[in-house]
Amino acid sequence: MASSKDKSIMRNLGEFVGHIIKGVKTNPAKATTKQEVRREVEEEVRGEVILRRTTIEEVEYKSPKVDSDSERDTEN
């Protein structure tokens, strides 16, 4: 029997279809190259003061740049 932590088949199917639709609708030319992986917020109360530290982890993908000089060299 499935435990309470397992997702149902319909939930998995919905997530899968959602990823496919997102891929179809996304314009690759305008796609963002940054993706936030994790955001962690730590708070501590010291009397009248609240100390807060926010850590944001991001992944940035650099697109390969095409050099016009190297293109001309390969065509000749």
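Trainee: How many of the residues in this chain count as buried?
Mentor: Of its 76 residues, 0% count as buried. Keep in mind that this is a predicted model.

Trainee: And how much accessible surface does the chain have?
Mentor: The total is about 7900 Å², and carbon and sulfur atoms account for 52% of that.

Trainee: OK, what's the secondary structure?
Mentor: You get two helices and two strands. Going along the sequence, the pattern reads α-β-β-α.

Trainee: Let's start with α1, then. How many of its residues are buried?
Mentor: The count is zero among its 17 residues, and α1 is hardly covered.

Trainee: What span should α1 have, and what do its end C-alpha atoms give?
Mentor: At 1.5 Å a residue, the 17 residues should span 24 Å. The end C-alpha atoms sit 24 Å apart, so the two agree.

Trainee: Which residues make up the nonpolar patch on the surface?
Mentor: Met-10, Leu-13, Phe-16, Val-17, Ile-20, Ile-21 and Val-24 form that patch, and together they have about 700 Å² of accessible area. One of them, Leu-13, lies in helix α1, which covers residues 9-25.

Trainee: Why would residues three or four places apart in a helix point the same way?
Mentor: An α-helix has 3.6 residues a turn, so positions with that spacing face the same way.

Trainee: Back to Leu-13: why does it count as partly exposed?
Mentor: Its relative accessibility is 45%.

Trainee: Switching to the strands. How many bridges join β1 and β2, and which way do they run?
Mentor: Twelve bridges join β1 (residues 34-46) to β2 (residues 49-60), and the strands run antiparallel.

Trainee: Which residue in β2 stands opposite Val-45? And what about Gln-35?
Mentor: Val-45 stands opposite Ile-50, while Gln-35 has Val-59 across from it.

Trainee: Which residue in that hairpin takes a positive phi?
Mentor: That's Gly-47, with phi near 65°. The hairpin has two residues between the strands.

Trainee: Last one: what share of the contacts join residues at least 24 apart?
Mentor: It's 22%, counted among contacts between residues at least 6 apart in sequence.

How values were computed:
Residues numbered from 1 in each chain as written. Predicted model: local features only at pLDDT ≥ 70, side-chain atom pairs only at ≥ 80, totals over all residues. Heavy atoms only, no water. Patch = residues over 30% accessible without salt bridge, like charges linked within 9 Å, V, L, I, M, F, W, Y side chains within 5 Å. Areas by Shrake-Rupley, 256 points an atom, 1.4 Å probe, with all protein chains shown as cover. Salt bridge = Lys/Arg side-chain N within 4 Å of Asp/Glu carboxyl O. Helix = DSSP H or I, 4+ residues; strand = E, 2+ residues; numbered from the N terminus. Buried < 20%, exposed > 50% of the residue type's maximum accessible area, 1.4 Å probe, protein only. Contact = heavy atoms within 4.5 Å. Pairing = 2+ DSSP bridges. Expected span 1.5 Å × (residues − 1).
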